[in-house]
Amino acid sequence: GMILVKEEKKSITYLSEFSKLLRIVLENSRGKTVSLAQELNAIENYLALQTLMDETYQYQVNIDEGIDVTLFEIPAMLIQPFAENSIEHAFPHEIDNPLIVIHISFLNNRLICTITDNGIGINSQKQFLRKDKKSLATTITSERLKILSKDFKIHGAVTIVDRQVHNEQGT
């Protein structure tokens, strides 16, 4: 689209960032796990690329102090599908200051990644879903996490909550 409307600089930036993301994904797909630093690099690149296409929302990646992202190993492409779901589904119509926040914490000997958006909420999203299209990204990633949890003999889980239960907006 950027090329067709002759946004040359933006198109070049997009293609450059896209090729960098593609290289990162290919590098990260070589093994079962990657460092948290590598995964966060891929996420930052992915989100930056998405905001080039749609500048209406902002994003933040926050990491609790004391977490050495080079020491943690996690399954590759574990976070991205959930970030993508926020981008694709949280903001079907304009809202004020759309925001996606990825927060990494370490609590009770567990690495926790929380992805929060201030969109319409997962319960409201269901009315906007196309009946002919099944969303598989979170299902496949959740299943993959269960299998890897057995392989590595550690607990891994995904929880998706509409923030309405906390009297807040989003998922």
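Okay, let's start with the largest pocket. It is lined by 44 residues, and the ones nearest its centre are Cys113, Leu145, Ala157, Val158 and Thr159. Keep in mind that what you're looking at is a predicted model.

How big is the volume of this largest pocket? It comes to about 1,500 Å³. If you wonder how anyone finds a space like that, rolling a probe the size of a water molecule over the atoms shows where empty space is left.

S5 gives the largest share, with 8 residues. Sort the lining by class and you get 23 nonpolar, 15 polar and 6 charged residues.

Now, two names on that list, H3 and H5, also pack against each other, at an angle of about 160° with their axes 9 Å apart. An angle over 145° counts as roughly antiparallel, and therefore H3 and H5 are roughly antiparallel to each other. Their crossing is left-handed. On the H3 side you'll find Pro81, Phe82 and Asn85, and they meet Ala137, Thr138, Thr141 and Ser142 of H5. That contact splits into 3 nonpolar and 4 polar residues, with no charged ones.

The axes of helix H2 (residues 36–53) and H3 (residues 80–89) come within 10 Å and cross at roughly 20°, which makes H2 roughly parallel to H3. This crossing is right-handed. Have a look for Glu39, Ile43, Tyr46, Leu47 and Gln50 on H2, touching Gln80, Ala83, Glu84, Ile87 and Glu88 on H3. By class, that contact has 5 nonpolar, 2 polar and 3 charged residues.

Last pair: helix H1 (residues 8–28) with H2. What is the angle between H1 and H2 here? They pack at about 155°, with axes 10 Å apart, so H1 and H2 are roughly antiparallel to each other. H1 passes H2 in a left-handed crossing. The contact residues in H1 include Tyr14, Phe18, Leu21 and Ile24, and those in H2 include Ala42, Tyr46, Leu49 and Met53. By class, the residues of this contact divide into 9 nonpolar, 5 polar and 4 charged.

Methods. Residues numbered from 1 in each chain as written. Predicted model: local features only at pLDDT ≥ 70, side-chain atom pairs only at ≥ 80, totals over all residues. Heavy atoms only, no water. Axes fitted to C-alpha atoms, helices over the stretch in contact; angles between N-to-C directions. Helix = DSSP H or I, 4+ residues; strand = E, 2+ residues; numbered from the N terminus. Parallel < 35°, antiparallel > 145°, perpendicular 65-115°, else oblique. Left-handed = near helix turned anticlockwise from the far one by under 90°. Contact = heavy atoms within 4.5 Å. Nonpolar A, V, L, I, M, F, W, Y, C, P; charged D, E, K, R; others polar. 1 Å grid on protein atoms, 1.4 Å probe; cavity = no way out; pocket = protein on both sides within 12 Å on 5 of 7 lines; lining within 4 Å. Points joined across faces, edges and corners; volume = space filled by probe spheres on them.
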